[in-house]
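Biologist: I would like to go through this model with you. Please tie each label to its definition.

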Amino acid sequence: FERENEVSYTLKTQRGETQLKEGRKTATMGYNGSYLGPILKMRKGQTVHIKTENNLSEETTFHWHGLKIPSDVDGGPHSPVEPNQTAQIDFEVNQEAATLWFHPHALGTTAEQVYYGLAGLIYVEDEQTDRLDLPKEYGVNDFPLILQDRNLDENNQLDYERSYNPDGVYGNTLLVNGTLNPYVEVKNEKVRLRLVNGSNARNYQLALNNQARFYQIASDGGFLEEPVEMTSLVLAPGERAEIIIDLEDYPEGETIQLMDGETTVLDIGVKGTTDVKKELPRKLNTIPVRETSDSLPVKKMTLAGMGYMVSIDGKQFDMNRIDMEETQGETAIWEIYNAPDMMGGMAHPFHVHGLQFKIISRDGKTPPLNEQGWKDTVLIEAGETVQLELEFPEKGIFMYHCHILEHEDVGMMGQVEVK
Ligand code: C2O
Ligand code: CU
Ligand code: CU
């Protein structure tokens with residue numbers, strides 16, 4: 001049922017078969033279907049009820065990446081749903097419009113379950129969404145794009161074990177919303193792409209094939225203050241970005257490609273014309289700035305290692321150990337250093353549950369404009385130090401971890417207890 005201030009969903013994990021490529025179908029996992037899942041739409045202020053059901057033969061969890069909700073409904077490794085079990089999730093939406101996502105978070109098997117297809121989208125909407133004159137017609141000028149690289153073997157199968165690498169499973173095939181070589185037809189207007197990096201480990205460097213400018217309008221947790229003009233965008237695992245591509249001056253029949261290096265991510269064809277021209281809103285959001293006169297203690301954290309040796313502050317995940325403590329509703333500063341090793345080290349996308357944070361600095365410098373909005377995942381290069389300003393809105397125990405899912409499973413994860 002659906003009442004104005006309430007919305008209900010059912011999510012069932014299941015195994016299935018998907019026609020990804022010509023030839024044999026691929027054995028996959030999905031929510032309510034054979035691969036990926038539905039878009040859960042919810043509004044700020046709404047009460048959400050989700051009935052979760054696990055139809056796999058192994059345990060899973062249902063984690064809502066980016067939602068500001070209490071830890072008992074956050075779906076971390078503490079909340080397994082066993083095979084053939086259900087669990088009822090209820091929460092209130094206390095955050096602004098954003099494109100979020102959900103995926104499993106079971107202890108040690110997150111990477112494999114996501115790899116086989118368990119992931120879905122959450123659209124949070126609010127008055128801002130209603131008010132802003134942005135493209136918002138789903139499938140017409142507003143498209144979600146879940147980017148995932150996968151290895152399909154000679155029988156079109158995803159063999160996680162065979163592809164396994166403790167530093168992250170990379171694939172030779174790009175799937176976008178579970179599709180190979182996706183193509184969309186649009187009018188000559190502004191088109192909105194909601195990009196989600198749902199890959200296990202790969203970073204994307206996105207650009208248009210003609211080097212045209214595009215505009216980032218939202219980061220992980222909501223709209224940016226203003227559209228940010230750019231020609232290339234890096235998206236790390238777990239991160240989201242909404243961009244606007246302006247096709248108003250493109251003639252009928254023109255095509256343009258969104259690229260990741262040499263790989264085509266999306267083919268866009270201009271078909272049909274419209275005379276409607278729209279300016280992008282100048283002002284999208286107001287991101288509050290904290291008075292910096294009060295000096296907060298800086299809590300330091302070090303990411304290190306590679307493969308099975310990855311660690312946070314020299315430790316690997318232990319469900320029975322609390323690594324950090326914070327106070328509900330109080331601002332904290334975390335300084336995260338990614339220690340390089342003799343080989344140089346690697347970049348880690350650092351993610352925190354239960355909140356949206358702000359990036360204060362990268363190596364002491366103000367972050368780029370497109371990183372000055374709400375974030376829940378930040379890519380930290382080897383040797384780099386990043387300062388975050390965080391405030392947990394809810395109490396409980398929340399995870400923070402590297403979003404290279406194999407690193408998370410190996411134990412590059414800690415727990416913060418919010419009191
Ligand atoms: Cu997207 Cu702890 O996860
Ligand atoms: Cu998360
Ligand atoms: Cu990592």
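Biologist: Where is Asn84 found?

Modeller: Asn84 is in the loop between strand S6 (63-65) and strand S7 (86-92). Helices (H or I, at least four residues) and strands (E, at least two) are DSSP runs, numbered from the N terminus. This is a predicted model: local features need pLDDT of at least 70, side-chain atom pairs count only at pLDDT 80 or more, and totals for chains, interfaces and linings use all residues. Residues are numbered from 1 along each chain as its sequence is written, while chains are lettered from A and ligands numbered from 1 in the order in which they are written.

Biologist: Why does Asn84 count as exposed?

Modeller: Count the C-beta neighbours. A residue is buried if 20 or more other C-beta atoms lie within 10 Å of its own, exposed if 12 or fewer, and partly exposed in between; C-beta atoms are placed from the backbone. Asn84 has 10 such neighbours inside 10 Å, so Asn84 counts as exposed. Its phi is also positive, about 65 degrees, although Asn84 is not a glycine.

Biologist: What makes Asn177 partly exposed?

Modeller: Asn177 has 17 C-beta neighbours inside 10 Å, so the label is partly exposed. Asn177 sits in the loop between strand S11 (173-176) and strand S12 (183-186). Phi of Asn177 is positive too, near 50 degrees, in a residue other than glycine.

Biologist: Why is Ile122 called buried?

Modeller: Ile122 has 20 C-beta neighbours inside 10 Å, so Ile122 counts as buried. Ile122 belongs to strand S9 (residues 120-125).

Biologist: Which residues does Ile122 touch, leaving out those up to four places away in sequence?

Modeller: They are Leu40, Met42, Trp64, Leu100, Trp101 and Phe102. Contact has its own cut-off: the C-beta atoms of two residues, placed from the backbone, lie within 7 Å. Across the chain, take contacts between residues at least 6 apart in sequence: 76% of them join residues at least 24 apart.

Biologist: What makes strand S29 largely enclosed?

Modeller: S29 covers residues 396-402, and six of its seven residues are buried, so the rest of the structure largely encloses S29.

Biologist: Which strands pair with S29?

Modeller: Two strands pair if DSSP finds at least two bridges between them. Strand S25 (residues 348-352) pairs with S29 in the antiparallel sense over three bridges. Here Phe350 stands opposite Cys402. Strand S30 (residues 413-418) also runs antiparallel to S29, with six bridges. One bridge joins Gly396 to Val418 in S30.

Biologist: Why is the chain called as compact as a globular protein of its length?

Modeller: First, the chain has four helices and 30 strands. Its radius of gyration is 21 Å, close to the 22 Å that the globule rule gives for 419 residues, so the chain is as compact as a globular protein of that length. The radius is taken over C-alpha atoms, and the rule is 2.2 Å times the number of residues to the power 0.38. Buried residues make up 45% of the 419.

Biologist: How confident is the predictor in this chain?

Modeller: pLDDT is the predictor's confidence in each residue, from 0 to 100. The chain has a mean of 96, and 99% of its residues reach 70 or more. The model scores ipTM 0.99 and pTM 0.97. Where pLDDT is low, the predicted coordinates should not be read in detail.
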